Amino acid sequence: MGENPDKNHYAQLNQGEENEMEIFGYKTQGWRRVLCIAGYIFSCGALLLLFYWKPEWDVWANCIRCSLEEADVFLLRTTDEFQIYSRKTVTWISVSALIKSRSDYPTIAEEDSIFSKAIMKPSLQVKSIQVQKIRYVWNIYAKQFQKVGALEDHHTCSAIHAKFGSGLTCKEQNVRRVVCGPNTIDVPVIPIWKLLIKEVLNPFYVFQLFSVCLWFAEDYMEYAIAIIIMSLLSIFLTVYDLRQQSAKLHRLVESHNNIMVTVCRNKEGFQELESHHLVPGDTLVLKEGKSLLPCDAILISGQCIVNESMLTGESIPVTKTHLPQADNFKPWRMHCAEDYKKHVLFCGTEVIQTKSDDRGVVKAVVLRTGFNTAKGDLVRSILYPKPMNFKLYRDALRFLMCLIAFAAIGMIYAVCVFALNGEEAGEVVKKALDVITIAVPPALPAALTTGIIYTQRRLKKKGIFCISPQRINMCGQLNLICFDKTGTLTEDGLDLWGLLPSERNCFQDIYSFPAKRSLPWGPVFRAMAVCHSLIVWEGKIQGDPLDVKMFEATNWVIDDSSGHQIEGQGSTHATVVRPGPKASSAPVEGVTILHQFPFSSALQRMSVIAQEIGGEQQVFTKGAPEMVAMLCRAETVPPNFESKLLLYTAQGFRVIGLACKSLQSEKQSTDLTREEVESDLTFLGLLIMENRLKRETKPVLEELSAAHIRSVMVTGDNIQTAVTVAKNAGMISPMNRVILVEANKIPGSLSASITWKPLEENKTEDYGSLEDDSQTERRIRLALGSGQYHFAMSGKSYQIVVQHFKHLVPKVRSGLFNWVFARMSPGQKSSLVEEFQKLDYFVGMCGDGANDCGALKVAHAGISLSEQEASVASPFTSRTPSIACVPELIREGRAALITSFCMFKYMALYSTIQYLGVLLLYWQLNSFGNYQFLFQDLAITTVIGVTMSFTGAYPKLVPYRPPSQLISPPLLLSVVLNILFSLSMQIFGFVVVQEQPWYSKTDIHSACLSANNHVENSSSVSSLGLHGMRDAAHGQMDNGYKSYENTTVWLLSTINCLIVALVFSKGKPFRQPVYTNYVFVLVLIGQLGICLFLVFADIDDLYSKMDLVCTPTMWRISMVIMLAVTLAVSFLVEEAVIENRPLWLLLKKTFRYHSKSHYKRLQRVLEQDLAWPPLNETFFSDSVAISVEGNMGGHSNPTFDSNEDAL
C-alpha cells in the first residue's frame, strides 16, 4: 500500500527547506487495533517487530485515511530519494487554565498571531505534533501545521518596536510558554537500556538470535556461545560509543539551558527569570559584562559586541547594531535584506560588551527559542544527519538477498533429500533452516564494521577525526574537491604589502610595508585608524585579522573607556583611538568612533562615523574596491583605477578600497541612514595586502591533479585574486586560458544576459578596450580547441545563471575544465556542491568550518580545518589546518572501500564453500561435525575477518578510482569463477575418493589397517544420518559424521577458505601489498600449518574429536595437489583477468560501453560541440526567472557573514 496525495489528507511540512517532509492524516480505528494486538500475541511479537522496522505498515494496519484536521495519527515521509517514513501521534495542549474568560483573548494574543489561530474554541486546546525536536501546531484558519517557537516573519521593523518594545504581559507570556514549550536545547543522555534495546532490535541481531536458537536446538553450543560473546561485545562497543556521543552533545548544549535573564514586562517593569521560561516576543534586557545568549534575539536598542566563535568557528568579535525603526510595509527581514544578521544575536554566542544609546538600556526581542535557534539547528543536524545514498550499501542488501535466495534452493534440496529418506519432520525442519545460517554469513556486518573501525583509527593517528564512519567508504570514490581559499589554500593571516593613495583623482607613489618612515597624517591615515570594528578584549586588540593588521600599521591605540561626552549627544558609549607611544606626531589628541555600519557581505563594505576630538564629523568607508569606487564622486576616482586594481589582483594581492567624506552636523549620527552616509564619497586610495599560499597547498593540488581528481576553488574573494591564487597553487596551468563568465540582470526587464570573454583580455592598459587582434583570437581558439581552458565566475553571476539560464547550469559545472567561483556566499557554496552532486560527482569540500559549514555538511565528505563547535556538523575534522588531509582521507577511503569488497568476496566464498560441502554430504545423509563447523567458523573465518582489514592504504594516489558497486562485472566474475573452482574441487574429491581401491562404505578404517586400530571405532553407513546434523552424542566415540567423503570434503573446503582469503587480499594499487599486513600473514601461516597438520597427522584422539578418518598418505598428498592447483588457477585468474585493468578497458571499448554518470555523458556531448565554449559572445534569457533567493540549497550557518566576501 502506498501513499496517493489526496486533498485535505496530505500536506507538506517545511516546504522548500532542507528538512522538507510530506504529512498524511490518519485516524485510529478500534477493530483494526484489536486485530493488530491479536496479531502481536499470535505471532509472539514478530508482527510488532515488523511494525517497528516499518512504521508505515503499522499506520496502514491500525488506521484509516482522513483529513489532517480530523487525524490523531500522522505519517511523515521525507521528500528526498530515500522516502523514509516516521509515525507521529497528536498531542493536545490545554490553555483553559490560563484563559478565564473571553475578555482575556485580546490580551493573550494578537489577532494575526499563530497563538491566536491555534487555540480551538470552546475547548481552548491546541493540536500539536513534534517532529525532529520542533513543535508544530494546527492553524485552524489556514488548515495547516505551523512551527511555533519563532516570531512570525510578517512583522515589519516598526511593528517589532511597537508591539514588543515594552515586552509581553504575564498572561501573554504564560500562553506562549505553554504552546511553544520550554526554551531549551534538551539533548538528554540516552539511558543505556534504551540504546541496548534499539541496537538488539536491529534486523542483523534478530537474524543472529534466530541462528543462535537453532544452534542451541542442535547442540552446537560452542559456536553459538562464541557468536553470543562476539555479538554482545559488538553491541556493548556500539552502545558505549553512542552513549559517549550522547554525553558529549549533552555537555555541548547544557551550558545555556538555565541562565538567569532580565525581561521587560508590559506595564510591570523588569523581571528576573530562568532562560527556559523565555518565549518568542519576550524583551530581554542585556546588562553590562559578559553573558551567554540562551535564544536568538533581535537587537532593538543599543549596540553589542558578540563572540560568535562557538557557531562560526572564527574568534572574531562581531558588532551588532539595533534594528532600524523603518516605517514601511515590508517584513523586517526583507527590509534589511542580507544585512538582517547584523541585528540578530544568536543562541550559544557570548555577549562581550554592550553599548547603550540615548534610549537607555540595551534591549533585544526574543526571535527564536529552543531547537528553532541557530544552535538548535546545528544540534538537530547532528541528531538527524542526512542519509547517504551509496551504491555499496544498496548493493550489500541485494547481495544478502541473493544469498538468501541461494539458501532457499539449498533448503528445498535438504527437505527433499531427508524427507525421501524417512527422517522425522522436526529433524528435516532443523536441517533445512540450518542451510540459511550456512549460506548467509552472520559475521558479515561485524567484519565490515571492523574494517571501518581500523580505518578510523588510522585516520585518528594522522590527526583526522570522523563523526560519521559510514562516509569513510565514500571518500574512496571522491573525484571532485571544492576548496575554500582563505585559511584553506592560503594562510589565515594577511600582511600589509602597500598603500596606493589617491589625491585629486590621481594615484600617488606607492607606500610599501614595512617601511622606515611612518605613514604621514592625512585622510588615508585617519581611515586606517578608525574604519574598523576592533575592540579591546582581555587586554588585547581583537577583531578581523585584516582590521588588526591595518590598525597596527598606524601605531595608534584603542582607548575603550565607557563614557565619552560627545558634543550635542549627551553621554554615550563610544570608542576612542589615540596616538600610541610609537606613533608619528598627529595634530589631534584622538578620534572618537561615534557610529558603525558593520561589514555586510551583501554590500561588500563597512563604514564608520568618526569625529576628531574638538573637530568635525567624518564618514570613512572601506570594502571591495569596485563597490567603494561606485559610491565615490566620479571626479575623485582616478581614470586608471580599473587597470591599477587589475595589476595588483592579477598578482594575487587582496585589495581594499578606502573612501571618506565630511558630515554636516545638523543630524545626530545615530539618525542617519546607511544610504545617506555611504554616498558622494571621496576616493582615498587602495590598501594592498598579501595572502600567502600554505606550504602544503601546491604539492597537494598537484597530487590530486595527477590522480585525475578535479579541484574547484569556491571563495568569497575578488575574482582576479582567486584566479591568480589558483594559478600560483597549480590548480590552473599558467599556459591555460581562463574564460570569465559574467551574467547580469537587464534593468527594467525580467530577462538577463550572459557573456563569455577571456580574462586575459583585461590585461591591456586601457581596461575598456577589447583585443581584436586576429593572432590573439586564433591563439585563444587553439587553446580552447585542445581543451586547455578554465572558467571563472562570481557568486552574483552564478545566482543569475541558476535563475535565468537553467539549461546552462550543467554545462558550467561539467568536468572538462576547472572552475574558480569567486564572491560566493555561504548559501551559494552549499548550492554549488549540490549542483555538482546532481551531475553524479562524488564531492568533497575542504574549508575552515565557518562560512563553509553548510557546504561541509551537504558534501559527500566534508573536511573541516577548524576544531570549533561550528564544524561539529562536518563528517571529518583535521587537527592540522592544511589540505594535506585531503589526499590522506582519499587514500584511506579507497583502502577501506577495497577492504569492504575483499570482505564481501571472502564472506561470500566462505559461506558458499561451506554450503556446497554440506549439500554434497547431505546426499549421503551426512554433514560436518560440530568441531569441524567450529574450526571453520571460529578458528578460520572469524580470525581472518578480524585481521584482513589491517592492510594499510597505498601511499600513491593512482589516476582511477576503485569500483563503487558490488554488482560489477569484475567482482561478480571473480566470485562466480572461485565458486566454480571450489565446487569443481569438492565434487572431484567427493567422487574420486569413492573410486579409490581402499575405499569402503561400511568400514571407515579400511584405508589404514594397523595394530592400533580399534574395532569399537568401526561404523556402518546405516548409522549415518540417524542423528541430527549437529547432535553431539557425547557418550559415544562415533557420532555418525565420520566417512571418507566427510574427511575429504572438510579438509579441502577448510584449506580452500585460506586460499580465497589470500587470493582476495588485494594489495596495489589501493592498498599496500598483503605481506605488509604482518598479523594477517602470520595468521594465514599458522592456520595453514594447523590444517596441514590435520591432513598429515594420524592421531586417533585428535581425529576422533574432529570427526576425521585416516586415509593413505598418497590420498593426502593428492588432496594437497588439488588445493595447490586450485590456488594456482585462482591466483592466475584473479591477476590475469579480474585485476587486469587494460583488459577491461579494451572490453569496454570493444563493446562501446560508456559511463552512465551524468557528467561523463555531458563531457562527451561538449567534446563534440565545436561551438563550446562560446567566446566574446553574449546570450539573453527569454524565460522568467526561477526564484532562488534565500534558498540557495544546503544547510547554511545562519550566524556567519564573512569579511572575506568584501575583499
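A: Cysteine 213 has a relative accessibility of 48%, so cysteine 213 counts as partly exposed. Keep in mind that this is a predicted model.

Q: And cysteine 304, buried or exposed?
A: Cysteine 304 is buried, because its relative accessibility is 0%.

Q: How many disulfides does the count come to?
A: The count comes to 0 disulfides. The criterion is a pair of cysteine sulfur atoms within 2.5 Å.

Q: What about the backbone of cysteine 44, where is phi?
A: Phi of cysteine 44 is near 55°, which is a positive value in a residue other than glycine. Cysteine 44 sits in the loop between helix 1 (30-42) and helix 2 (46-53). Cysteine 44 counts as exposed, at 73% relative accessibility.

Q: Where is phi for arginine 504?
A: Arginine 504 also has a positive phi in a residue other than glycine, with a value near 45°. Its place is the loop between strand 22 (495-503) and strand 23 (506-507).

Q: Buried or exposed, arginine 504?
A: Exposed: the relative accessible area of arginine 504 is 71%.

Q: Staying with the backbone, which residues does the cis peptide bond join?
A: Lysine 1068 and proline 1069, with omega at about 10°. Proline 1069 belongs to the loop between helix 33 (1044-1064) and helix 34.

Q: How many bridges join strand 15 to strand 18?
A: There are 5 bridges between strand 15 (residues 303-307) and strand 18 (residues 350-355), and the two run antiparallel.

Q: What stands opposite valine 306?
A: Valine 351, in strand 18.

Q: What holds strands of a sheet together in general?
A: Strands of a sheet pair through backbone hydrogen bonds, and the arrangement can be parallel or antiparallel.

Q: On to aromatics. How many aromatic pairs are there in the whole structure?
A: The search finds 29 aromatic pairs. One of them is tyrosine 454 with phenylalanine 950: the ring centres are 4.5 Å apart and the planes are at 50°, so the pair is tilted.

Q: Where do tyrosine 454 and phenylalanine 950 lie?
A: Tyrosine 454 is in helix 16 (residues 444-461), while phenylalanine 950 is in the loop between helix 31 (930-947) and helix 32 (969-994). The pair therefore ties together parts that are 496 residues apart in sequence.

Q: How do tyrosine 454 and phenylalanine 950 count for accessibility?
A: Tyrosine 454 counts as buried, at 13% relative accessibility. Phenylalanine 950 counts as partly exposed, at 32%.

Q: What kind of pair do tryptophan 521 and tryptophan 556 form?
A: A stacked one, with 5.8 Å from centre to centre and 10° between the planes. Tryptophan 521 lies in the loop between strand 24 (511-512) and helix 18 (523-530) and tryptophan 556 in strand 27, so the pair ties together parts that are 35 residues apart in sequence.

Q: Is tryptophan 556 buried or exposed?
A: Tryptophan 556 is buried, because its relative accessible area of 4% is under the 20% cut-off. Tryptophan 521 counts as partly exposed, at 27% relative accessibility.

Q: How far is tryptophan 556 from valine 530 in space?
A: The distance is 9.9 Å, C-alpha to C-alpha, and the two are 26 residues apart in sequence.

Q: Which residues form the aromatic cluster with Trp756?
A: Phe791, Tyr798, Trp819 and Phe821 form one aromatic cluster with Trp756.

Q: Last thing, the surface. Which residues make the nonpolar patch of about 670 Å²?
A: Leu1088, Leu1092, Phe1096, Met1114, Ile1117, Ile1121, Val1125 and Val1129 make that patch. Helix 34 (1078-1096) and helix 36 (1113-1138) are the elements that give two or more residues to the patch.

Q: Which helix gives the most to the nonpolar patch?
A: Helix 36, with 5 residues.

Q: And valine 1125, where does that lie?
A: Valine 1125 lies in helix 36. At 48% relative accessibility, valine 1125 counts as partly exposed.

Definitions and conventions. Residues are numbered from 1 along each chain as its sequence is written. This is a predicted model: local features need pLDDT of at least 70, side-chain atom pairs count only at pLDDT 80 or more; totals for chains, interfaces and linings use all residues. Side-chain values use heavy atoms; hydrogens and water are left out. Buried means under 20% relative accessible area, exposed over 50%, partly exposed in between (1.4 Å probe, protein chains only). Patches are made of residues with over 30% relative accessible area and no salt bridge: like charges are joined within 9 Å, nonpolar side chains (Val, Leu, Ile, Met, Phe, Trp, Tyr) within 5 Å. Accessible areas come from the Shrake-Rupley method with a 1.4 Å probe; for residues, only the protein chains shown count as cover. A salt bridge is a side-chain nitrogen of Lys or Arg within 4 Å of a carboxyl oxygen of Asp or Glu. Helices (H or I, at least four residues) and strands (E, at least two) are DSSP runs, numbered from the N terminus. Two strands pair if DSSP finds at least two bridges between them. Rings of Phe, Tyr and Trp (its six-membered ring) pair if their centres lie within 6.5 Å; planes under 30 degrees apart count as stacked, over 60 as edge-to-face and the rest as tilted.
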